[in-house]
Every structure is written in C-alpha cells, then in structure tokens.
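Biologist: Hello! Could you walk me through this model, one question at a time?

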Amino acid sequence: QVQLAESGGGLVQAGGSLRLSCAASGRTFSTYAMGWFRQAPGKERAFVAAHTWSGGSVYYADYADSVKGRFTMSRDNAKNTVYLQMNSLKPEDTAVYYCAADNSGRPIASKGAARVADFGSWGQGTQVTVSS
C-alpha cells in the first residue's frame, strides 16, 4: 500500500483559491495513478480529478464536470507529490478532500468516471471550507 499525506486545506472566501498537496511513499511514484475525491456532509465520496501515467513521460489528467476549468491537478515526481490547484472556489466545493493512489497497474476509468474502488490507497483527508 502507498502511504499518503494531504495538506493545504483551510477556509477561503468564495472566488478564492487553495492548493492541496499530497505526498506519497514509494519508489515508483511516477507510475502511480493518483486521484482526488471529496466528501461533503451527508454525501458519498465523489470523484474530483485523476492523473494517470500513460507511458514514458505522458500523463493523462481527468476532471469531474463540476470542477473543469477551475481545478488543475499536477504532479512532481521528484518530490513524490501531487497537487490540486483550486481556483474560483464556490461554497458547494466545501468538503473533506481525499488523496488517492493506485499502483496496481489496473486502468482507471476516464471521462469523469473514476470510482473510489479504482484506488487502493487513501489519505486521511483535509477540510476545505468555502464561505459565501
């Protein structure tokens, strides 16, 4: 299993920005499928973004429709870290954000369809609160 540690959550006003970070363990981080999910009170954990390895130095980024154009996921393989840059935040973005990883090599569903079950390792989560 991959050990994950998120940071960067907090309270921000609507329209503001936050950047979440997730540090991962392991020597083959560059090949991991990485994802961000979020869970609002009373709701199921939902897909936000994924960043998957397509071979060589090619990666594929995928986003939920609700965050397209506002959120950007990236990775720094030298630091074993992924980031989620969140801009133009809305109150409905308020949730606990979870970092996820999978090093099994199994394909991750694309076009916004990645599932919780696609990922084998999870972080503890970080709270993001957007005030109106």
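Biologist: What share of the 132 residues of the protein counts as buried?
Modeller: Happy to start there, with a note that this is a predicted model, in which local features need pLDDT of at least 70, side-chain atom pairs count only at pLDDT 80 or more, and totals for chains, interfaces and linings use all residues. Residues are numbered from 1 along each chain as its sequence is written, and side-chain values use heavy atoms, with hydrogens and water left out. Buried means under 20% relative accessible area, exposed over 50%, and partly exposed in between, with a 1.4 Å probe and protein chains only. Of the 132 residues, the buried share is 42%.

Biologist: How many helices and strands does the protein have?
Modeller: Both are DSSP runs numbered from the N terminus: helices are H or I with at least four residues, strands are E with at least two. Along the sequence the pattern reads β-β-β-β-β-β-β-β-β-β-β. The count is 0 helices and 11 strands.

Biologist: Why is strand 8 described as largely enclosed by the rest of the structure?
Modeller: Strand 8 covers residues 81-86. Strand 3 (residues 18-24) pairs with strand 8 in the antiparallel sense over 6 bridges, where pairing requires at least two DSSP bridges between two strands. Strand 7 (residues 71-76) also pairs with strand 8 in the antiparallel sense, over 6 bridges. Strand 8 is called largely enclosed because its buried residues number 5 of the 6.

Biologist: Which residue of strand 8 stands opposite Thr 72?
Modeller: For orientation, Cys 22 has Val 82 as its bridge partner in strand 8. Opposite Thr 72, the strand 8 residue is Gln 85.

Biologist: Which residue takes a positive phi in the hairpin of strand 7 and strand 8?
Modeller: This hairpin has 4 residues between the strands. The phi in question is near 50°, and the residue is Asn 80.

Biologist: Is Arg 38 buried or exposed?
Modeller: Arg 38 is found in strand 4 (residues 33-39). Its relative accessibility is 13%, so Arg 38 counts as buried.

Biologist: With the side chain of which residue does the side chain of Arg 38 make a polar contact?
Modeller: A polar contact is a pair of N or O atoms within 3.5 Å; within protein, one must be able to donate a hydrogen and the other to accept it, and residues adjacent in sequence count only if both atoms are side-chain atoms. For Arg 38 the distance is 3.5 Å, and the partner is Ser 66.
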